[in-house]
Amino acid sequence: MKIRMVGWESDGLRCPDVKVKFSAGDDLPKVILIQMPNGTGKTTTLALLKAALTGSAEAWQQERVMEFAPKDGAGSDGKFLVRLLVDDKPLAIELTLSFIDGTVTYRTTSPASGGVREGWHPPPDARRFLSDKFVGLFVFDGELAHRMLDATQQRAEDAIDALCQLDLLEHAGNVAEFSWQRSTKDKQGAKTESGLEARKTKERKLDDRLRQLKKHHKEAKDRLATVSKALEGYDKDLAEKLANDEKNRRALENLRLEEKAREAALDKANATAMGVIRQPHQLSALLGNALVSLKLNLDKAKLPDATSRQFFVELAEEVSCICGRPIGEAERKHIAEKARHYLGEDISGVLNSLKQDIGLLVATHDKEAISLPVAISALADAVNESQKTKTRRQALEEKLIGEAGDEAKRLREQVKAQQEEKRKLADLIAEMERAPIEGDDDRTVCIAWVERQLALNRKQIAEITGTVDLRRRTDVIKDLVTKAKLRAREHLRKVLVAECNGHLAKILVASPVSIKSIQNSIVLEGQREASVGQTLAVGYTFLTSVLGRGANKFPLIVDSPAGPLDDRVRAEIGSMIPKLCEQFVAFTITTERHDFVPALEKAANADVRYLTLFRKTAGGKALKAKLPQAGVIESRNAFLVEGKKFFDEFSFATEAELEA
Amino acid sequence: MALDNELISAVNEVCKELGQPESVGKRLIAWLKECSERQLSGAEDNEHLELLRQAIAIGTEADL
């Protein structure tokens, strides 16, 4: 799938009335730069463009629609039309915004989907790529690149899943599940009808519950990331408030470090004590001795192996069985053959393992082993020390907060509240992620338990409906696609980290930053926060790398692409973008030109179309005299000027004239 | 249009780990590849699914 933008038209909206065509002739340029001074409607145009591509505006509320009405008095409606090429075939999507009843209607023109049709009807092949999630990855403002590094969002992972088509695996799994569910319909006989219906109802409930739990699990994790970040901030602010006195600050810092060390020692002592408790022979000498006796007695009785086998070997040689019946040649042969199976290999295995462990752990006395009283005593000491340090730290903190005033008290309250919420969220997530336990029932939040019940229920449905084989094949498919998605994501993360770091090493020579890993968001190496320029450079590098990997080609349509970047980074980003996308459309302002545009032009082999769009204001009318002879389109409320010269000469001074 | 190589190798790896024949991976990849090229109809999806199901090796009753 290759999607390119050809141009747009707007009429009667908050953005200027304009007809923008990206190509002068037949060929579409690789880079299209549209310079629009602040207030010309960049944000409005981008929002309408997204709405046209995704078909989402039909759901807009009246207030949202009215946001697009012109400020100088609205007509009854406004129109926005975007022209595209989808696999080189034309597609036009038009929105009509009614400012009377606050509604939006669509009209689609496409030879591939039946000419002109009312409604949003892009060709079926293109629909998958015109979802909100997908379009948001190639039509965006500079903030998206920033959001890729925000731990509270999941944009990096979403981008990988969407652009590298990992979502297709989920589609295959859903088709398999749906197909099985369909095949279980109408298969029940009279006897099984009510039982089957009950199980199907239960399946639906469990399925809903599972989906709900997974959603809550994700929300809890996102919230935990937000709370942790906020807590870090409050902690930092509080530390700064208390840092007025250097001596006290250092004392508090030392106590905090000591507290952490004591907590680590407590964890270690706790683990040691638990380790001892899990070894019965270390709990008490009585237990140890009893275990040794058990092993000796088992050896003496030649259990499990020799005795069991020997019993049947000897029985086979007898004239009659222990039940009194005679043993003939056939019986003799059968007993000899089956002898080793009869006591059960699982029991023999357990007894052998038990004997082996007793021999290794109990009988061989370990002088280094820690006894339970020693471990418990060490644990009590660790608890005591940890508590004492905590009390000292709290006392000093209280004193300093008392001296620092109300602001410090408020911050401390915030820290406490965030800590409490963090603890609750961590507990909830742990509860959701734990293994199932005996007491679990329908009220549990344990995801694994619900999954197990669902699998069990589906097995029962499969048995009733005679679709056991089909269910098993469906389970294999679902297991395969789920694991393959996780594995592919893991592979891609590693490949993208290496690829992005290669680019970043060249781009950010003066202020190096590299990616440590890609989780839900991008995690930077060694530093939690980067400058705005660094963040944007990392975000772009990631986005263009992912876009470059995808087999499908999309335009990159960006509002203010070089905003906060410094000159050197602008040049590097400018030279990188054309190599990594099929078409680059940027809405820029004058201050972004410097360094960014020359590098962009060079990388695109001068295949660039320069457009400048500005409103007809009082100053703008005066500017009319300065416009070039050719390449100017005038509308009711704006001028659109084509050409590099005017684009380059359009300056702050020109903008000031417009304001006049 | 090709699928991402990392997606293909992940499918093949997991297929092997699950003890499934190579044909399972090949059939799933063929399905995904066609999905990536165009919007498949329900009937087309079901054809791919049926081929995939046929290739799957299932264990004994005790595996259930």
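Among contacts in chain B between residues at least 6 apart in sequence, 50% join residues at least 24 apart; contact here means heavy atoms within 4.5 Å. The model is predicted, and its local features need pLDDT of at least 70, side-chain atom pairs count only at pLDDT 80 or more, and totals for chains, interfaces and linings use all residues. Residues are numbered from 1 along each chain as its sequence is written, chains are lettered from A and ligands numbered from 1 in the order in which they are written, and side-chain values use heavy atoms, with hydrogens and water left out.

Chain B has 3 helices and 0 strands, where helices (H or I, at least four residues) and strands (E, at least two) are DSSP runs numbered from the N terminus. Read from the N terminus, the order of its elements is α-α-α. Of the 64 residues in chain B, 39% are buried, a term for under 20% relative accessible area, with exposed over 50% and partly exposed in between (1.4 Å probe, protein chains only).

Within chain B, helix α2 (residues 22-37) and helix α3 (residues 42-55) have axes that come within 8 Å and cross at roughly 170 degrees. Axes are lines fitted to C-alpha atoms, for helices over the stretch in contact, and angles run from 0 to 180 degrees between N-to-C directions. α2(B) and α3(B) are therefore roughly antiparallel to each other; angles over 145 degrees count as such, those under 35 as roughly parallel, 65 to 115 as roughly perpendicular and the rest as oblique. On the α2(B) side the contact includes Leu28(B) and Trp31(B), and on the α3(B) side it includes Leu49(B) and Leu52(B). By class, this contact of α2(B) with α3(B) has 9 nonpolar, 3 polar and 3 charged residues. Ala, Val, Leu, Ile, Met, Phe, Trp, Tyr, Cys and Pro count as nonpolar, Asp, Glu, Lys and Arg as charged, and the others, Gly among them, as polar.

Another helix pair joins the two chains. Helix α18 (residues 468-507) of chain A packs with helix α1 (residues 5-17) of chain B at an angle of about 135 degrees, their axes 8 Å apart. α18(A) and α1(B) are therefore oblique to each other. Among the residues that make the contact are Leu480(A), Arg487(A) and Leu492(A) of α18(A), and Leu7(B), Val11(B) and Cys15(B) of α1(B). The contact of α18(A) with α1(B) has 10 nonpolar, 2 polar and 5 charged residues.

Cys15(A) counts as buried because its relative accessibility is 1%, and Cys446(A) counts as buried at 0%.
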